[in-house]
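Hi everyone, thanks for coming. Please have a look at the structure on the screen, and I'll walk you through it.

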Amino acid sequence: MNNCLPTLFLRIKPQRPLLAGFRHWQIATSILLAIGTFHHALADDEISDTPPRVVLSDSADQTPAVTLEPMTIMGTAIPQPLKSNTSILKGRSLRLQQGDTLGTTLDKELGLSNASYGPGVGVPVIRGLTGSRVRMLQSGIGSHDATSLSPDHAVAIDPLFAEEISIIRGPETIKYGGNAIGGIVDVKDYRIPERVPQNLIDGSIESRYDTNGHGTNSAFKLNLGKEWLALSLGGFLRDRGDTRIPGKPIDEAFIQQQFGLTDIQNVTGKIPNTDSKSTGGFAGISWLGESAMAGMSISHMDNRYGVPKGSHGLDPNHLDGLELILPQLSDLTGFEDIFGPQALFPSIRMNMRQTRYDFKSEWYEPIRGIERIGFRYGLVDYQHTEIEGGTPFTQFKNDVGEGRFEIDHNFFQRLTGTVGVQWINRDFAALGVETFVPETRQNLLGLYTTQQYAWDNWIFSSGLRFEQSRINPRANQLSLRGSALPPIPLPDEMKYRAVSASASVQWLPLKDTSVMLLFNHSKRSPDIQELLSLGPHLSTRSFDIGNVQLTNETMNMIDLGFNLKKERFSLRVNGYYNRSNNFIYQRNTGLVYEIDNEVIRQRCVSQAECVSIFAYDQRNAEFIGYESELEARLYRLAQGDVLLTLFSDYVRGRFVQGGRDDIPRLPPLRYGTELGFSHAKWHTALRYTRAEAQNFPGENETRTRGYHLLTVSADYQMGLGKWADLWLFVRGTNLLNEEIRSAVSFLRNFAPEPGRSLVFGLRATF
């Protein structure tokens, strides 16, 4: 068929009923019970990435071996191009890469890094951007945790349940507002079921063991259903000890340079207080009909983890004479509350809890020209308590409701698109000893549209979004207890309006070739912590100062991508330039704050605890970078292929106002190769990554050394009769046991990345 002509779009219509939308479980259940019958949707993609084959009979009577149900022609669809700025991780590849956190799961993807904060925290960094610029979604609705507030807060999405993870950096980010200015990570877990198992029940059970920290991970997922009802259940348990490393966790040279301290309490071979334990589960229910579906789910997770110890607490070698009270330091009888281990070296623990309710409904082809009407709504109850030395210091609360209503149209043969509205209502509070952000209410409303037009070998896409955000602090001033700093008055309301637009053109000169040019003009309003922070935050070893004078951040990006996919090799190359006006960042002032004395100094002059002072500021900035990957089949053997992959990515960021100094905490240049052998039942791969030194760390930041990272993976798939399949796998990371300090981590000088690790696992599907 000529590639210039649009292809017919054949689709089996899933029998799905409509859910209009609700806020509470009781209302949703009563309406769902009134919805009619359903037909099951497409089957799950489990481990294998290879589609099943259909074999037809060659007998004389021409009776087919497979009988297909009638299919409905639902119009024409634009040929889908090869997208160089979108990555989708699923199937076997996803299972092999799954880690304890979302950041470790995606660390191998082009243009992505992991902002670790010990093994309990891993936040994705896309092209050097993270926090309030990268939206983490759970099946289209935000995770609404506290990761944007502080780098020590874990993402409230467990990758063990993920069936598919999409990383999007193109025009589709317009749908998700200014907080997606750097990209989207959408984790699809199908907690709201969209199909019915063929034999009443199916599912999977998985278990893993990590030699580093003796980590164990176990999870299960069940899908049940018959006729017009579908149910989904799942649960997980994760437990691990302290992370093992090849050297010492604290970089003593940095501590001496930054704080002027020489007596450091350090250990060797592990990072203390990095053990963690998390549990969670979910239940979902759906009804599906001929042309609509409706469903809901409820999920809960608890995550308890420690953050690496640094210079917290008193130094027992320099107690300013107080040590003379005791005959010897080990004799703490009667003085445990003052000189006990938790008083001298307090452990900072995080107790994170989230409960969320998700609702979804879709209506297919209600009228001619309307392909889909969709509704999504999520209610999130998030709490996060920081505990120091066994005492709760700060509790973060985030109660959020996010909704989305969309209409997909195909009024014209070559033009398709989406029109939608998004709203978010958020109540945030940080209460306790370290209350450095006041109680705040935030409301956001966004109207958007994305359109796509196909003409000959060209595809034109565009997006437009209007967004309004209101922030209402429930305090009239910001003040610091015991400080000589004057109070900062706060307005009753801060209002921001933002208009974002994107456009792209894709040229498909050949069936397997795509060239894409993208222009993106996006605005992001300041987040709550960027405006209203004032006070010490011990878990990040920082004193944060907000700025109520911040204005909208504007990003203008040009992205040029090339994608080629042949039978024996594929090539993907992306180059981009991003000019950001009024870029919001945390500037290391070079000053320190003594928590015990509650004073700001240029250097620590006593052995009391000091933390660095970071202030939010704005400057114009620019980013330039690329991503490239070449995959080739070197040899085709009788029962397998020898595969070679070459890859590299890089981003450089500079301020272009007030000097051209470097933007802090950006990943260094990475490049490497992977050699693999692919067989019908088993796979092996050896991957080498070289990360160069980060010699552009930013003002008052430290450089990081380069490192060599060697990983290996192997897996084997076998059948257990007709009722189940078993998948065995092993993955080795940092086989050279190098000391790796990540340039994107706030905690790089207190906690390096894990040392050598071997993960053994099995997964049974039935």
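A word on the ground rules. This is a predicted model, where local features need pLDDT of at least 70, side-chain atom pairs count only at pLDDT 80 or more, and totals for chains, interfaces and linings use all residues. Residues are numbered from 1 along each chain as its sequence is written, and side-chain values use heavy atoms, with hydrogens and water left out.

Let's begin with empty space. Rolling a probe the size of a water molecule over the atoms shows where empty space is left. Here, on a 1 Å grid over the protein atoms alone, a cavity is a set of points where a 1.4 Å probe fits but cannot get out, and lining residues have an atom within 4 Å of a point. Grid points are joined across faces, edges and corners, and a volume is the space filled by probe spheres set on the points.

The largest cavity has a volume of about 590 Å³. It is lined by 34 residues, and those closest to its centre are Thr130, Arg133, Gln586, Arg665 and Phe746.

Among the elements that give two or more residues to the lining of the largest cavity are helix H7 (528-532) and strand E30 (569-594). E30 gives the largest share, four residues. By class, this lining has 17 nonpolar, 13 polar and four charged residues. For those classes, Ala, Val, Leu, Ile, Met, Phe, Trp, Tyr, Cys and Pro count as nonpolar, Asp, Glu, Lys and Arg as charged, and the others, Gly among them, as polar.

The second largest cavity holds about 390 Å³ of space. Of its 24 lining residues, Arg135, His144, Ser148, Asn179 and Asp527 are the closest to the centre. Its lining divides into five nonpolar, 13 polar and six charged residues.

Now for the rings. Rings of Phe, Tyr and Trp (its six-membered ring) pair if their centres lie within 6.5 Å; planes under 30 degrees apart count as stacked, over 60 as edge-to-face and the rest as tilted. The count by this rule is 13 aromatic pairs. Why does the pair of Trp228 and Trp287 count as stacked? The ring centres are 6.4 Å apart and the planes are at 20°, so the pair is stacked. These two residues are 59 residues apart: Trp228 is in the loop between strand E11 (215-226) and strand E12 (229-240), while Trp287 is in strand E15 (residues 276-288).

Are they buried or exposed? Buried means under 20% relative accessible area, exposed over 50%, and partly exposed in between (1.4 Å probe, protein chains only). Trp228, at 36%, is partly exposed, whereas Trp287, at 3%, is buried. Elsewhere, Phe583, Tyr585, Phe623 and Phe655 form one aromatic cluster.

Some rings have a charge over them, meaning that NZ of Lys or CZ of Arg is within 6 Å of the ring centre and within 35 degrees of the ring normal. Arg127 lies over the face of Tyr576, at 4.0 Å from the ring centre. The charged end of Arg652 sits over the ring of Phe696, 3.6 Å from its centre.

Glu406 is buried, at 9% relative accessibility. Its side chain makes a polar contact with the side chain of Arg372 (2.9 Å). A polar contact is a pair of N or O atoms within 3.5 Å; within protein, one must be able to donate a hydrogen and the other to accept it, and residues adjacent in sequence count only if both atoms are side-chain atoms.

Most residues other than glycine have a negative phi, and most peptide bonds are trans. Glu227 has a positive phi, near 55°. This residue is in the loop between E11 and E12, and it is exposed, at 58%. And back to Arg665: its phi is near 60°, also a positive value. Arg665 is in the loop between strand E33 (640-655) and strand E34 (670-679), and it is buried, at 13%.

Technical notes:
On a 1 Å grid over the protein atoms alone, a cavity is a set of points where a 1.4 Å probe fits but cannot get out, and a pocket is an open set with protein on both sides within 12 Å along at least five of seven lines; lining residues have an atom within 4 Å of a point.
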